[in-house]
Amino acid sequence: MHRHEPIDVERVRRHLAERIAPAATTVVLPLEVEVWEPVAASGVVGQAEPVPVAEALAATYQPFDLGASWGPPWGTTWFHLTGTVPEAERTGDLEAVVELGWSDGWPGFQCEGTVYRRDGSIVKGIHPRNTWIPVELDGDGRFEVYLEAASNPVLNSFSATERGDVLTSDAERQYKLWRADVVRVHHEVRELVADVTALEGLAEVLPADSHRRAELRVALDRAMDALDLQDVPGTAAAARERLREVLARPAEGSAHRAVATGHAHIDSAWLWPVRETRRKVARTIANVLRLVDDGEPVVFAFPAAQHSAWLEEDHPDLFARLQAAVASGHVVPVGGMWVESDANLPGGEAMVRQLVEGAAYFERAYGHRCEEVWLPDSFGYSAGLPQLARLAGARWFLTQKISWNQVDDFPHHSFHWEGIDGTRIFTHFPPVDTYNSDLSARELHHAATNFRDKGVAGTSLVPFGYGDGGGGPTREMLAQARRTADLEGSPRVTVAPPRDYFEAAEAEYAEPPVWVGELYLEMHRATYTTQARIKRANRESEHLLREAELWAATAAVRAGHPYPAEELQQLWRTVLLGQFHDILPGSSISWVYRDMLAEHARVQERLRAIVAESQQLLAGDGDQPITFNAGPLARRGVPALGGAVAEQAGAAVQVAETGDGVVLEHDALRVVVDRDGLVTSIWDKEAGREVVPPGQRGNLLQLHQDFPNQYDAWDVDPFYRNSVVDITAADRVETSSDATSATVAVHRTLEGKPVVQTLTLRADAPGLHVGVEVEWAARDRFLKLAFPVDVHTDHARFEVQMGHLTRPTHTNTSWDFYRFEVWAHRWLHVAEPGYGVALANEATYGYDLTRHPREGGGTFHLVRASLLRGPGYPDPRTDHGSHRFGFVLLPGAGVEDAVAAGYATNLPLRQVTGAPVDPLVTLDGGALVEAVKLAHDGSGDVVVRLYEPYGRRSTAQLTASFDLAGAVETDLHERPLGEDTVVAPSAVTGVEGSTVGLRLRPFQVVTLRLAR
Ligand SMILES: [Zn+2]
């Protein structure tokens, strides 16, 4: 038999695209189209912000010609579509089809639409791969819908654009509506499309020499023979008959099992503002509910409680239907988080609240408890997460992103992930390598062949549905799933919830491999630095939330002052939204930062008011200067979590000009600053030791070229280090001093803009205080602040959520080398036995630590903080403007000192006039209090979260200053640990009077609920 496969392949593809698929419908009625284009305040027609549907229903519409253009960037255009179906045609299946003028790109990154009925309820969303609208006729055969069309600009070009904010955008109309018809559906043709798509795709991925592949090619060829191209609807059944046998052939016994879960990754903000996400959620959910109503066997995983909360507020009708779909199992809330947050930068307590707020919402709204953490798209995963996930009740963890590693392939797809404290959680990376699968044969085949754990495990999860900008699963995807449920040559596909996957995976893979430490993403390393203002705002809001909860809870217990639980919850939720994995990392358009920085300012103003009001109430009418310390460690004689008269500052600080520069000195340090404003010596008096390595200078600003190969805001590539300019020229060096401090201020010019670097010794706080003020207007640059430290080691410690992570600083393997930029929370610590140096920061997350040969032998470490970058996309003016950075360099520091400096640098001491205030709780021993609040159930119980921060076993005693009626260890949801939770109680050793005895593992997190 002579066959030339390419001829067969081309035949099937052309038949399918140009004859079969178009024949699935025929036009019954072109619809009348009218338009209403709300005018923006700027005067641009059609660029107004979205309006409530009632306003659109009441508007006056004008005739609209098909083919005419509409839609300036970020505008909303309302179309009114009407028509009366002739009586003879009112039988069988009718649908409407609208073509808004889609761009070639992916759904969610261009125009999209929401279809409303006359009564204001949502029918469905439309996007380029889902253009149909169900036809509901009135008694006279009349069809009428309103289409809210969003003319979102195409921004995923990855090149600089001014369209990232409506304020800088142009007014050019981007789209042309060219089709609005009622059509008749030919179901047999539609089924033939699905048959051919499945089998052609399968043949393509099977081995070229396999019998099955040849058999599929022959069957498809014969099916094409059976078609009359002039009458596809009339001959589709005959063509399908010729495929019946090959479609019925069951899967092999060893076939990979793919648990397919419907999904729509919706970035809470990214290349669109938050207000557009609210509409994306409504469109996507409307489409999922449509699938459910149409009897499709869809199961849809719905993460991000915030998205549901928006839906509840904006569209109560959809929300009620969604609740029913959750009850019937078609929709499954997943992840239990408020948003799919960044998984590196959020602080410990913020990460707790992501898990708590999300889970509590899902439980209230749907009666559903999430059993997994669902973070497919975040840019790396902190080693602090496994413990927090388990304490939040999660049994499993899902991500996908690590498949994006530039160099090193992650060795497993299913494994136990072990965090800093030793907690393990079963984790899965879908080997399909996408969280937006279309269930094509190509993707299913990739999942099966790519799966690293095959041989011992045979099941993976495949999240399917259009995503990033929403969209979700389609009936075409489900048609593919039906065909691959049990098909020779294909993985066996089951549409099911994540739970089905995880239970099957755990059962078949009882002893999975273990990965210890962080899941570092070898990509997107610049997200620790980009958009410095949002990072500072986040850090400040996190700490103000701690202060506000602590003092409000103290005031509630002490003075019966009302605890502002609801307001605190709303403020937390805003901050949690700001930690979404394209907001906090800095990868969104400028509009998102305009919005979010305003939100942080509002949040901080309220929190400051709560703090001030609570402190004044607690301090009462006395006339002493009372200093409040919200930190977990005493400072200047003020107890942790209390208020007292602070001790006077220690010995004086001197500053003196010498021939070579300036000397700053107090009883602990002697710092020499040269004429360039660089630090040539830091003498640690107590240790009798020099901190600056021979021949090196610290406080050095370094400027690199930084033009990554792709993803400007996200990436810094390893070659950035190949060129560097040291910023050494000083315009002037000034000194100043007061009763408690002395400062050297170094004025420089950087790319034409002023920079002021300050070096301060203080009598009332240890270490060398380093400030940098920068006017920044650079593009494609990376600014670092360098401190060489004379420490010989091969590792360093970095604060992460509720503890710290040790990372190697050598570059032995490619895993080590490509971890060339890392993140830390409030401090890092580099030490050799007997001596260490810590660097604490106000709001800087990105660092690199490198080892260098030292004059006189050994090595020293160059510690560099990442300050600013200049990416062009997606925000062309990223970080332009004024910035300030603050650090404390702490010579002779142990980990304890680093931890203390981290808190001190981020929690200001606040002064009020009154009388001393005893702490609500006192914690003695080797643990620190992370949060004090009232229980969220309104019982008035005091909840204290604490953790072991040093990585060692310890004991501690928590003493309440109120009458303690009982103390229990709880999960993060404040439910007693035990039978109902995935973690057993382990920390409380006893309760005596008002004191709770504790025994903690290294880095153990403990939540105590104290009844009054
Ligand atoms: Zn995402």
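How are the donor residues of the zinc ion spaced in sequence?

Analyst: The donor residues of the zinc ion follow the spacing H-x1-D-x109-D-x203-H in sequence. This is a predicted model, in which local features need pLDDT of at least 70 and side-chain atom pairs count only at pLDDT 80 or more, while totals for chains, interfaces and linings use all residues. Residues are numbered from 1 along each chain as its sequence is written, and side-chain values use heavy atoms, with hydrogens and water left out.

The donor atoms are NE2 of His-265, OD of Asp-267, OD of Asp-377 and NE2 of His-581, which coordinate the zinc ion at 1.9 to 2.1 Å. Donors are N, O and S atoms within 2.8 Å of the metal (3.2 Å for Na, K and Ca); water is not among the atoms, so sites may look incomplete. The angles among the four donor atoms run from 88 to 161°, and the site is irregular. By the definition applied, four donors count as tetrahedral if all angles lie between 85 and 135 degrees; four count as square planar and six as octahedral if opposite donors are over 155 degrees apart and all others between 65 and 115; anything else is irregular.

His-265 lies in the loop between β13 (257-263) and α6 (274-293), and His-581 in the loop between α15 (565-577) and α16 (590-619), so the pair ties together parts that are 316 residues apart in sequence. Helices (H or I, at least four residues) and strands (E, at least two) are DSSP runs, numbered from the N terminus. Both His-265 and His-581 are buried, where buried means under 20% relative accessible area, exposed over 50% and partly exposed in between (1.4 Å probe, protein chains only).

Two helix pairs may be described next. Helix α7 (residues 305-314) and helix α9 (residues 348-366) have axes that come within 9 Å and cross at roughly 40°. Axes are lines fitted to C-alpha atoms, for helices over the stretch in contact, and angles run from 0 to 180 degrees between N-to-C directions. The two helices α7 and α9 are therefore oblique to each other; angles under 35 degrees count as roughly parallel, over 145 as roughly antiparallel, 65 to 115 as roughly perpendicular and the rest as oblique. At this pair, Ala-305, Ser-308, Ala-309 and Glu-312 of α7 meet residues of α9 including Tyr-361 and Phe-362, contact meaning heavy atoms within 4.5 Å.

Helix α3 (residues 187-205) packs with helix α11 (residues 441-450) at an angle of about 40°, their axes being 8 Å apart. That angle makes α3 oblique to α11. Ala-198, Gly-201, Leu-202 and Val-205 of α3 form the contact with Ala-441, Arg-442 and His-445 of α11.

Some backbone features complete the account. Most residues other than glycine have a negative phi, and most peptide bonds are trans. Gln-531, in the loop between β22 (514-516) and α14 (532-559), has a positive phi near 60° and counts as buried at 5% relative accessibility. Phe-1003, in the loop between β52 (995-1000) and β53 (1005-1011), has a positive phi of about 65° and is buried, with a relative accessible area of 8%. The peptide bond from Tyr-873 to Pro-874 is cis, with omega near 5°, and Pro-874 lies in the loop between β43 (859-869) and β44 (881-891).
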